[in-house]
Amino acid sequence: MPKRIETGGATVTFTFDGRPVTAIAGDSVAAALAAAGVTRLRDSVVSGAPRGIHCMMGACFDCLVEIDGIPNRQACMTPVTEGMTVRAQQGAVSVSEGGRA
């Protein structure tokens, strides 16, 4: 389980799959979810295997989630904002349609 090194700072609250999550302002969505103990962000569209946080630098695309209704967002590259709604991504999403299902 990842452990937060720094604990101070202003906080923001967002939801993940309907559950409130408190994060430190400036955290990425992935860092905030890892600190909250979330390990599954989506399922592989090929095998159905669970996918979670892997590289934390935008290279692997394992952390794709839906943020405020927009799918295919990299949780590791998106800073948290107050009131943000994040959902685990379900299934394949068409990129040719601007990322919208």
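Mentor: A residue is called buried when its relative accessible area is under 20%, and exposed when that value is over 50%; keep this in mind as we look at the predicted model.

Trainee: Which residues of strand S1 lie on its covered face, and which on its uncovered one?

Mentor: In strand S1, which spans residues 11-16, the covered face holds Val12, Phe14 and Phe16, whereas Thr11, Thr13 and Thr15 belong to the uncovered face.

Trainee: What makes S1 and strand S2 a pair?

Mentor: Two strands pair if at least two bridges are found between them; six bridges join S1 to S2 (residues 19-24), therefore they count as a pair, and they run antiparallel. Val12 of the covered face stands opposite Ala23 in S2. In the hairpin that S1 and S2 make, two residues lie between the strands, and Asp17 takes a positive phi near 50°.

Trainee: How do you know that S1 also pairs with strand S7?

Mentor: The cut-off is at least two bridges, and S1 and S7 (residues 85-88) have two, so they pair, here in the parallel sense. Phe16 has Val86 in S7 as its bridge partner, and Val86 is also the bridge partner of Ile67. Strand S5 (residues 64-67) is joined to S7 by three bridges, and these two strands run antiparallel.

Trainee: Why is the pairing of the sheet called mixed?

Mentor: Strands of a sheet can pair either parallel or antiparallel. Because S1 and S7 pair in the parallel sense while S1 and S2 run antiparallel, the open sheet of five strands, in the order S2-S1-S7-S5-S6, has mixed pairing. Its edge strands are S2 and S6 (70-74), each pairing on one side only.

Notes. Residues numbered from 1 in each chain as written. Predicted model: local features only at pLDDT ≥ 70, side-chain atom pairs only at ≥ 80, totals over all residues. Heavy atoms only, no water. Buried < 20%, exposed > 50% of the residue type's maximum accessible area, 1.4 Å probe, protein only. Helix = DSSP H or I, 4+ residues; strand = E, 2+ residues; numbered from the N terminus.
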